[in-house]
Amino acid sequence: MSTFSSMHSPSYSHSFICSSSINEKKNQRFVFSSFPRFSVPANAKVFLQCQANSHQNAVLMQDGAVATKVSPVEKETPIEKLKSELLSVTSSNEWDEKAGFDINENESTVSITVVGASGDLAKKKIFPALFALYYEGCLPKHFTVYGYARSKMTDAELRNMVSKTLTCRIDKRENCGEKMEEFLKRCFYHSGQYDSEENFAQLDKKLKEHEGGKVSNRLFYLSIPPNIFIDAVKCASSSASSGNGWTRVIVEKPFGRDSDSSAALTKALKQYLTEDQIFRIDHYLGKELVENLSVLRFSNLIFEPLWSRQYIRNVQLIFSEDFGTEGRGGYFDHYGIIRDIMQNHLLQILALFAMETPVSLDAEDIRNEKVKVLRSMRPLQLEDVVIGQYKSHSKGGVTYPAYTDDKTVPKDSLTPTFAAAALFIDNARWDGVPFLMKAGKALHNKRAEIRVQFRHVPGNLYNRNFGTDLDQATNELVIRVQPDEAIYLKINNKVPGLGMRLDCSNLNLHYAARYSKEIPDAYERLLLDAIEGERRLFIRSDELDAAWSLFTPVLAELEEQKIMPEYYPYGSRGPVGAHYLAARYNVRWGDLGLDQSA
Amino acid sequence: MAAQITPPPSSSSSSLAFSSEFNVWKPMRCCFFKWVSQVCPRIRPTNHFRIKSSNGHPLNAVSMQGGMDGSPLAKGINPEEQEEFFIDILDKEEALSTLSITVVGASGDLAKKKIFPALFALYYEDCLPKNFIVFGYARTKLTDEELRNIISTTLTCRIDKRENCKDKMEQFLKRCFYHSGEYNSEENFAELDSKLKKKEAGKLSNRLFYLSIPPNIFVDVVRCASMMASSANGWTRVIVEKPFGRDSESSAELTRCLKKYLTEDQIFRIDHYLGKELVENLSVLRFSNLIFEPLWSRNYIRNVQFIFSEDFGTEGRGGYFDNYGIIRDIMQNHLLQILALFAMETPVSLDAEDIRNEKVKVLRSMKPLELEDVIIGQYKGHNKGGRAYPGYTDDSTVPKNSITPTFAAAALFINNARWDGVPFLMKAGKALHRKRAEIRVQFRHVPGNLYKRNFGTDLDKATNELVLRVQPDEAIYLKINNKVPGLGMRLDRSDLNLLYRARYPTEIPDAYERLLLDAIAGERRLFIRSDELDAAWSLFTPLLKELEAKKISPELYPYGSRGPVGAHYLAAKYNVRWGDVGGEDD
């Protein structure tokens, strides 16, 4: 323990941690799960342990009530550890994960194949994130990046395309050019159909060449439309799986349109992959402040007594964008804001916020708790939802288009671009506390935040100082996920001076002021986690099921009854209905007060 | 709860002072004061009833608070009506009443540095009533002109309102007068009285005496002033500065003597720390923020620290200090008062008597301080950067063999349900490495902390801490554990903070301004009641006697250092780590 912490705590540097040894990196990140074939320096107290078995058990327990078995390996002596390793080798499905102990790091490779390499996400997010990881020394020594898509391209053309979007971290600009060169040399391209086993077999051959007989670990990033997910998975797993290492597949949303389609997708994926090979990405979970949510909750005593219905009046999860679909509404129109933002991003944050304390920080323990929360929730009722759609608006001589002005959107589309919803968790901790969600496009600002409003002070001695609106006198904890990451706590304070005037001040922590380093993009974290086999931030099948079952009934109802969205002008604060919804539960949206700039 | 709906019990001036808070949204402070000043003379008759036990039945603690309960007077009147009622009548009366403030000991240091400037600031802010005069009283022969000269050199204008400061100063000085006289001469006070009467010109007269004189002549002055210069038709109040005795007996004696000439509600014992902005804010923080409510007990708080340090020594003025020492000078009053405010139970209301009742309860729940829970120190000479800093005994006003402590650390305990077992640590010292006054609340460890291994071996560094910095640079901050942004999972302690300077650009008023204004308004919340004083002394008297009887030598520490090491061992005994010497401080 202590050697480990002294190793990293005083001076944190990416280069040290990432490049010197992947295992240290892993310790740092508390990765306890499968990560094969990397050497373990003898001096590092090893946390690398085999939990592959327990993972698989846990994964099957969809009710989430059964805790994952976690062996407290760090207490074991080396000899005991060795024994348990031997045991686990024989019993593990992923025997190779443990066999990696005596194999030098030099002997293993990671190949990352971006399927759909010519797409937008790949260009804007995936390649830059991979480069950033490389730049920081976080990728293993031997890695190759493959682009796969239908377009015909040479390696050089791919490199050319990739190089345009790569950027260097602000805080470490030196030799960025060089690094970029080196990175691009490791990027290759293979053209093929998404449903052709043959093409994937060719890819496999190429990969093998690069791997040069070393242990091969393969990560496929599926950045393709959902209708070809299954085909690609089938071909990749049957024709391009690793022979001796792991094969993992990162899947992007949408994960279906409702419970049934999602279940069908999962079932199809499971035909070719095991649960622990599937990495369902929700990039909101990779955001710095969402990561920090658990740290705040579980490592600060002061929040512990507050985190329940006894002190919290309501919780608000707010997402807004200040632009519309802007000519790319084709995909969106099929899904709508509820599926696009609420059912995944906001609900995931809610689950993290509201879950009980997990047994440990292990992925399975955390995901078990998240599933429990989701399953304690009441399916959303139609009356607890307000939907809206933006209409055109002229301001300052500029005309902003309506949603239906988008050429890629049907003229009579009823797809909501805004939604507000009230959810409830029927468990002992949260009974009766409204969890309000709000998400919208083309609103007046771009923001994602979590707001926790606390109850009134019982028997407040200072009541009369607050005037008529006692709601303004309650404490509020705000976690701003983007932009300008910040945490602040609104407290009542005496205005300095003679007399006794109170006002609301912020105890705040502004990330930009406190931490000068640039905050990594969510994709960097998630890619790294996937490479390391850390599943904490990925969505398990049963989580996904539980999430869909909350939203599916209301989504079906909205579509069947063809419920009209409330129109709101482009760039406004959204439909008024959201206020009435909040008012029904005695809530006031925290982001629409006068002091919201705070 | 009831307190919010029914009128404040015993419509005392204090409740009316607070009624200004109905007015909170009015921008001008002057309005606030106007009401109060009008109201005060009016409600004079009810003052007799004001002192009572908070909950209707007499508290043992509060001997003089007999069962007289004045609250029925106000019952049934809704607060707003009550206010209007006063305003109607009192508008007419403003012109008919006057306020005379007599600073006894006007040529002294405190008067020059604090009292006159504070009075001027109040005047500048329009917080003084329309008719007021300031009288200086001392033995020195001075003319009015000379006094004005002295005063004018120390007056300053508030930074945020500099316009017509000169004019205002002129006007203020015109209202300042001087009367020379002996402190024990009834005759001289009678002369003062006739001068005051002349200025008052037959109006309702209210008189405030500020005793800025050595303790040995307190009683003489009080006797003469109360017999010869009391107001006949308004109120007479006396502000007394520390020291209030040297121990339980001398303090009780002083109180007894004062009470011969004054009633309890005429005595305003000032503790200027209670007038500090953040000390005032302490109650606001506690009682108007839900988030602190569950935390404020032994369940969550591991220890509380009250830290006071000065970065200079006695510097040739050790005569007074040597007779008292740091424990009497800082701990027994300032720090203990803050402790009481911090630890008290929720009062029934914000009324002065309710708050002071709670403070007394806390003080009486405390264990008298034990010798083994105290560390004393004294600074010695020290050379740094070619400069020699003097030792305490190098001060020519201090006996060479003095063992008076200039530093002390102590651990106190409150034996009640809320605080049982929580150490309250105090530390006060002169000639330390910096000037600071702060309250630190250290919270317990997180039970079953999931992130334990991220903190390394020292889990103490991973606890939350709330810091209220009283001076300098007023600030509130809460240390929380936070994830360092980046790909790894490294935690650090960040501050959720509120730096007053950044949030509130206006200058913060001096403690004396607030306290003078409160005394004029008859608001007693920030003044120390006799029974409070008794309770405070009874905690420290046995220890002080023991220290002196055993002639315990202080641990010597270099001028400008962090104080004696003994303080750390004392803290360690109770598993505490001083929050101000952590290295990562500020």
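This is a predicted model: local features need pLDDT of at least 70, side-chain atom pairs count only at pLDDT 80 or more; totals for chains, interfaces and linings use all residues.
**Stop 1: where the chains meet**

Show both chains. Select the contacts between them: 80 residues of chain B touch 85 residues of chain A. About 7200 Å² is buried between the two chains, and carbon and sulfur atoms give 64% of that area. Now pick out L290(B), R453(B) and L487(B). In chain B these lose the most area to chain A, together 13% of what that side buries.

Next, look at polar contacts. Between chain B and chain A, 29 residue pairs are in polar contact. Color the elements of chain B that give two or more residues to the side touching chain A. Among them are the helices α1 (2-5), α3 (29-42) and α12 (277-288). The strands β15 (475-483) and β16 (491-499) belong to that list too. So do α15 (500-503) and α16 (511-521).

Zoom in on E288(A) and K483(B). These two residues form a salt bridge, with the closest N and O atoms 2.7 Å apart.

**Stop 2**

The side chains of R536(A) and E291(A) meet in a salt bridge, 3.0 Å from N to O. R536(A) sits in the loop between α17 (522-532) and β17 (538-539) of chain A, and E291(A) sits in helix α13 (residues 288-299) of that chain, so the pair ties together parts 245 residues apart in sequence. Are these two residues buried or exposed? R536(A) has 12% relative accessibility, so it counts as buried. E291(A) is buried as well, with a relative accessible area of 5%.

**Stop 3: another pair in chain A**

Select R540(A) and E364(A). They form a salt bridge, and the closest N and O atoms are 2.6 Å apart. This pair links distant parts of the chain. R540(A) is in the loop between β17 and α18 (541-560), while E364(A) is in helix α15 (residues 363-376) of chain A. The two are 176 residues apart. Color by accessibility here. R540(A) is buried, with a relative accessible area of 0%. E364(A) is buried too, at 2%.

**Stop 4: a pair in chain B**

Switch to chain B and select E532(B) and K359(B). Their salt bridge has its closest N and O atoms 2.9 Å apart. E532(B) lies in helix α17 (residues 530-549) of chain B, and K359(B) lies in helix α14 (residues 352-364) of chain B. The two are 173 residues apart, and the pair links distant parts of the chain. Both E532(B) and K359(B) are buried.

Zoom out for the total. How many salt bridges does the structure hold over all chains? The count is 65.

**Stop 5: the cysteines**

Show the cysteine side chains. Over all chains, the number of disulfides is 0. Take C257(B), which is in no disulfide. Its nearest cysteine sulfur, that of C224(B), is 13 Å away. C257(B) counts as buried, at 11% relative accessibility. Then select C176(B). At 0% relative accessibility, C176(B) also counts as buried.

**Stop 6: E146(B) and its surroundings**

Go to helix α7 (residues 144-154) of chain B, where E146(B) lies. E146(B) is partly exposed, with a relative accessible area of 38%. The backbone nitrogen of T143(B) is 2.8 Å from a polar atom of the E146(B) side chain. E146(B) and K112(B) are 34 residues apart in sequence and 13 Å apart in space, C-alpha to C-alpha.

**Stop 7: the domains**

Step back and color by domain. In chain B, the assignment gives domain 1 (89-241) and domain 2 (274-508 + 529-574). Their centres, taken over C-alpha atoms, are 35 Å apart. In chain A, the assignment gives domain 1 (108-252) and domain 2 (288-520 + 540-585). The centres of these two domains of chain A are separated by 35 Å.

Finish with chain A as a cartoon. Chain A has 19 helices and 18 strands. Of its 598 residues, 62% count as buried. Among contacts in chain A between residues at least 6 apart in sequence, 78% join residues at least 24 apart.

Technical notes: Residues are numbered from 1 along each chain as its sequence is written. Chains are lettered from A and ligands numbered from 1 in the order in which they are written. Side-chain values use heavy atoms; hydrogens and water are left out. Domain bounds come from an automatic or database domain assignment. A disulfide is a pair of cysteine sulfur atoms within 2.5 Å. Buried means under 20% relative accessible area, exposed over 50%, partly exposed in between (1.4 Å probe, protein chains only). A salt bridge is a side-chain nitrogen of Lys or Arg within 4 Å of a carboxyl oxygen of Asp or Glu. Helices (H or I, at least four residues) and strands (E, at least two) are DSSP runs, numbered from the N terminus. Contact means heavy atoms within 4.5 Å. Buried area is the accessible area (1.4 Å probe) that two parts lose on being put together, summed over both. A polar contact is a pair of N or O atoms within 3.5 Å; within protein, one must be able to donate a hydrogen and the other to accept it, and residues adjacent in sequence count only if both atoms are side-chain atoms.
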